[in-house]
Amino acid sequence: MIIHCKDLRVFQFSLSFSKEEDAKKIFQGIVHHCLEPKSLRCLFAFSYCENTSYPEVQRKKQTVMFDSVEDWIQDMKRTKGNCRVVSENSNFELSPKLPQFFIVPSNVSDEDLTKYQGKGLPMWCWSHHSGCALFKTASIPLVQEDNVPQTYMEKMLTAVAHNHLYSVKTEDLSDTLPAVQDILLSYNKFKQFFLIDNTTEFWMSDMKWFSSLDNCGWLDIIRQCLQKAVEVVECLEKENTNVLIMEEGGSDLCCVVSSLVQLMLDPYYRTLLGFQSLVQKEWVAGGHAFLDRSNHLHLKDKAESQSPVFLLFLECVWQLQQQHGPAFQFSETYLTVLSDSVHVPVFTTFLFNNDSHRDNILRAESPHTQRSPLNCPTVWDWSVQFDCKAQDLFTNPLYSEKPKQDTSVRKSYRPKHLRQLSLPSSAFKTPPKKGFFKDEADNLKKILGVKRLSRWMLSPSSESPQTSSSVREFYEAWQTKPLDYHGLLLPCLDGPSIRVWMQRYLRWIHDVQILGGGPVAMLSKVSEILGEVQELQRQLDRHGCTLTSNHKGARPRAKTASVIAARSSVRLSSSFPFVTSRNWLFKPAIPTSLLQSLMVTGMAGNLADREDDGGGPESLV
């Protein structure tokens, strides 16, 4: 029996010497939980939760779940947003597809909330310090015979524009990014490169590695998503313009782009708890259909809805983390474990399509003797899966913490009206007076008018070359400035910069493991050096010496650094901490017969094909 797991592991079992009854139980269990169409009640999560009790987790210093009005108000205040919190959907009376609580522009009326089941309603994501904000929405199908949806969308655009300086840019992601089915097809081709059953199959696939990787298009989709996020960042950071992104459902690519934008702009979301809060806000509360996209029930009629959209987001995050490691508090191992946890049918985080779906199922499946809903764990309770030592590996030991401000030093002077930078240059001729911003805003409204809103709307077909060059100029201008790990981060999108997530995809393949090598070996050495720096710092502190706050902020977490540094680099492999076997070969060996057949195939092949794949016989030897 050969089992291909969703985390790309391949298990082989022989039941030849087992009892027939035991073999039947094994097959029946696999068929019941994994293969046959079923209801949610048959998933392992419900039988697991009924037999296990979980205490209420204290909200202090925990992941923000965005399941209350207070959570949304707190996040809006943190970003200094100026929008309206909606609580009328607490019982899902407005729409079952909308979150229980959400934020919309202040000019959206109560009547607007009840139209089109939430479609076209601009949902607040994040506010920039200049005053502009990012919104997302599910687009409304426009019918030529009916102008009502068009009128409603214009009204919603006006509401978004009123948020800051009467300007808004819109982007329909359905026109500029691949569809969810294209994402699935690309990933299915990509993952086949790593589902290796034997050594011969691995070395045969190595011959066409680069061309196969390019043809599947997975890395190109990652690049497109990152580039689209950079375009939105440019509108917010450089142009100080409100941005409204949309797609058909509003809960797939909108979640990808909005989350990436916030990661690039907001250092809070690059911390461990901040990142988990971001996933809760944009994906869980945002209504991403995890059940349909993961197809936990293996239903044939839901096969078309299946797509690894959340994995695509994690891939983009990994690219950012690899390029700007010290900016992220969480490690590569954390992202790998999180990607695996999507397929563990125990946690409510990735088990439902939206808040309404979760609430109805948990109440319906609650035991009759229990009045409250069934209490299932969230994925953020990592103690359900891992002990404390394993969780230490989730933290990046090279993370540069934000320096703490010294209260004894006076704060540097800042201009009172920072938003002047977003106003026309004529505003700087005279000093600001009382009511200055209100007067300027009124003048802008008179000049622009509602009819000229379309002037700020992006047209992907006509402006894509101009947008691409503008993004490159924006990136090059950012590169000239000193790198601030707690400020704006932009990814490099050039060809070699977008890489394969080696730890996730190669951890179970023995032939590619590097004994005593790989990224973990380098990390181990750096951790040892950081440990020595920490010890020197303690000695200096004991002698009454003080260092600048920047040096203090750059200290690694001693606990995490010691976990890795304590292991000798000779014992580590490139798959750490995902150890596949204790019987390691010092180097991968190509069987002689296979090498000869590959050489013969290479000689008989076309020279251009061999050059394209980087492989003649010389490179193989």
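Colleague: I've landed on Asn295, in the loop between helix 13 and helix 14 (309-323). Is its phi positive or negative?

Modeller: Asn295 has a positive phi, about 50 degrees, even though it isn't a glycine. Keep in mind that you're looking at a predicted model.

Colleague: Is Asn295 buried or exposed?

Modeller: The idea is to compare relative accessibility with a cut-off, and buried means under 20%. Asn295 has 8%, so it counts as buried. Now compare Tyr116, which isn't a glycine either and has a positive phi of about 60 degrees. Tyr116 lies in the loop between helix 4 (110-113) and strand 5 (123-127). With a relative accessible area of 29%, Tyr116 is partly exposed.

Colleague: Got it. Which residues does the cis peptide bond join?

Modeller: For that one you look at omega. Here the cis bond joins Phe576 and Pro577, with omega at about 5 degrees. You'll find Pro577 in the loop between helix 23 (558-565) and helix 24 (592-604).

Colleague: Let me zoom out. How many helices and strands are in the chain?

Modeller: The chain has 26 helices and 8 strands. It runs to 621 residues, and 46% of them are buried. To see how the chain folds back on itself, look at contacts between residues at least 6 apart in sequence: 72% of these join residues at least 24 apart.

Colleague: How do I read the nonpolar core, and which residues touch the most other members?

Modeller: In soluble globular proteins, nonpolar side chains tend to be buried together. In this model the largest nonpolar core has 93 residues, and Phe275 and Phe313 touch the most other members. Helix 10 (residues 218-237) gives this core its largest share, 12 residues. Another core lies apart from it, with 32 residues, including Trp72, Val86, Met153 and Ala159.

Colleague: Which residues does Phe313 touch?

Modeller: Leaving out residues up to four places away in sequence, Phe313 touches Val256, Ser259, Leu260, Leu263, Phe275, Val279 and Trp283. Click through those and you'll see Phe275 turn up again, as a neighbour of Phe313.

Colleague: Now rings. How many aromatic pairs are there, and why is the pair of Phe194 and Tyr505 called what it is?

Modeller: A search of the whole structure finds 35 aromatic pairs. To name a pair, you check the angle between the planes, and under 30 degrees counts as stacked. Phe194 and Tyr505 have planes at 25 degrees and ring centres 5.1 Å apart, so they're stacked. The two are 311 residues apart, and the pair links distant parts of the chain: Phe194 is in the loop between helix 7 (180-191) and helix 8 (199-206), while Tyr505 is in helix 20 (residues 502-506). Phe194 is buried, with 2% relative accessibility, and Tyr505 is buried too, with 1%.

Colleague: Which rings have a charged end over them?

Modeller: Here are two cases. The charged end of Arg9 sits over the ring of Trp508, 4.7 Å from the centre. Arg507 has its charged end over the ring of Phe578, also 4.7 Å from the centre.

Colleague: And salt bridges? How many does a search find?

Modeller: It finds 20 in the whole structure. To read one, look at the N to O distance. Lys136 and Glu282 form a salt bridge with their closest N and O atoms 2.8 Å apart.

Colleague: Where is the partner of Arg293?

Modeller: Arg293 meets Asp252 in a salt bridge of 2.7 Å, N to O. Asp252 is in the loop between strand 8 (242-247) and helix 11 (253-265), and Arg293 is in helix 13 (residues 290-294). Both are buried. Salt bridges can also join up: Asp75, Arg78, Asp266 and Lys281 are linked in a network.

Colleague: Last one. What pLDDT does the chain average?

Modeller: Think of pLDDT as the predictor's confidence in each residue. The chain averages 78, and 73% of the residues score at least 70. Over residues 547-554 pLDDT stays under 50, and the model has 9 contacts for them beyond four places in sequence. Residues 582-595 are below 50 as well, with 17 contacts beyond near neighbours in sequence.

Methods. Residues numbered from 1 in each chain as written. Predicted model: local features only at pLDDT ≥ 70, side-chain atom pairs only at ≥ 80, totals over all residues. Heavy atoms only, no water. Core = buried A, V, L, I, M, F, W, Y, C linked by side-chain atoms within 4.5 Å. Buried < 20%, exposed > 50% of the residue type's maximum accessible area, 1.4 Å probe, protein only. Helix = DSSP H or I, 4+ residues; strand = E, 2+ residues; numbered from the N terminus. Contact = heavy atoms within 4.5 Å. pLDDT = per-residue confidence, 0-100. Phe/Tyr/Trp six-rings, centres within 6.5 Å; stacked < 30°, edge-to-face > 60°. Lys NZ or Arg CZ within 6 Å of the ring centre and 35° of its normal. Salt bridge = Lys/Arg side-chain N within 4 Å of Asp/Glu carboxyl O.
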